Amino acid sequence: MNEIFGLTMHLKASYEGEVLDTVFKRNNRFGVFDQWEIEDDKGNPLTIDEKNLLKEYFSESRYVFIEKEWDSQYETNWRTYIKDVENKVRQTNAGVNCQKNGNQTKSKLITTDLISEIIKLLIIFDIRGFLSDPFINQKVDEVFDSLDQCISGFSDMELEPDDRMHPMETTTKEAFRHQYILHNCYDILKGNKMSGTAEVMWKTYKQNLVPNFCLTDTAHPFVTSEHPAFVNELPDGKMEL
């Protein structure tokens with residue numbers, strides 16, 4: 001809200017006698033912007049043209065924290081990170097920095113912390129695909145199934161175009177799911193903290209799953225994809241990330 005409204009706080013704004021002197025108040029009352037009374041810092045009312053320009057400025061403003069941080073925290077160093085993991089896996093496969101204990105071989109390179117981080121990154125990249133993760137979709141479905149028992153048809157209630165934060169959010173359920181996923185992304189990028197369904201998935205995967213590293217060579221490289229993580233259903237109905 002500071003990023004969107006902060007630069008205009010020198011203007012005096014009010015609505016039906018309520019002084020809109022904080023970014024929170026202006027955000028809450030933006031839906032009735034046309035009824036705002038606005039003055040410049042000298043006490044002069046804004047003209048209709050000036051008010052229309054201000055409304056256009058607010059309407060087109062975007063909080064791009066997620067896009068910026070996604071690029072700086074993950075995408076910029078992704079190739080370097082993957083190469084480092086690959087080197088550790090190849091060294092482990094060759095028996096380098098490994099300790100034998102009976103029939104078991106323990107790697108000093110592929111640590112518990114490394115595996116935890118890899119699983120976390122797979123979940124983060126899968127969430128970034130928005131519609132691809134079936135577990136988050138399942139939890140959203142459960143919420144709206146319970147709501148529909150009280151409010152018939154609430155899930156499929158269509159939003160008016162002016163009420164949509166994003167064009168793809170055509171129903172209440174789609175809007176909730178999109179905003180919930182953004183909330184998860186924001187928590188991760190803001191403080192490197194998993195939250196909600198993503199946190200439950202992360203803890204459950206760490207406790208119950210073991211990653212399977214597949215190696216190739218330059219003569220038979222992997223086919224790459226724009227989606228670095230996705231959930232795949234196996235022939236027996238089980239799921240793998």
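Student: Which strand does S4 pair with, and in what sense?

Tutor: S4 (residues 98–101) pairs with S5 (residues 104–107) in the antiparallel sense, over four bridges. Strands here are DSSP runs of E with at least two residues, helices are runs of H or I with at least four, and both are numbered from the N terminus. Two strands pair if DSSP finds at least two bridges between them. Bear in mind that this is a predicted model, where local features need pLDDT of at least 70, side-chain atom pairs count only at pLDDT 80 or more, and totals for chains, interfaces and linings use all residues. Residues are numbered from 1 along each chain as its sequence is written, and side-chain values use heavy atoms, with hydrogens and water left out.

Student: OK, what is the bridge partner of lysine 100 in S5?

Tutor: That's threonine 105.

Student: And which residue in that hairpin takes a positive phi?

Tutor: Glycine 102, with phi near 70 degrees; the hairpin has two residues between its strands.

Student: Switching topic: in what order do the strands of the open sheet come?

Tutor: The order is S2-S1-S3, three strands with antiparallel pairing. S2 (18–19) and S3 (37–39) are the edge strands, each with a single partner, so one side of each has no neighbour in the sheet.

Student: How many bridges join S1 to S3?

Tutor: Three, between S1 (residues 12–15) and S3. Serine 14 has glutamate 37 as its bridge partner in S3.

Student: Now helices. At what angle do H4 and H6 pack?

Tutor: About 145 degrees, with the axes of H4 (residues 65–75) and H6 (residues 112–128) 14 Å apart. Axes are lines fitted to C-alpha atoms over the stretch in contact, and angles run from 0 to 180 degrees between N-to-C directions.

Student: Which residues make the contact?

Tutor: From H4, Ile66, Trp70 and Tyr74; from H6, Leu121, Ile124, Phe125 and Arg128. Contact means heavy atoms within 4.5 Å.

Student: Is serine 116 buried or exposed?

Tutor: Serine 116 lies in H6, and it counts as buried because its relative accessibility is 15%. Buried means under 20% relative accessible area, exposed over 50%, and partly exposed in between (1.4 Å probe, protein chains only). Leaving aside neighbours within four places in sequence, serine 116 is in contact with Trp202 and Lys206.

Student: What do the buried residues of H8 pack against?

Tutor: H4, H6, H7 (134–148) and H9 (196–208). Those buried residues include Ala175, Ile181, Leu182 and Cys185.

Student: Which residue follows H8?

Tutor: Asparagine 192, whose phi is positive, near 55 degrees.
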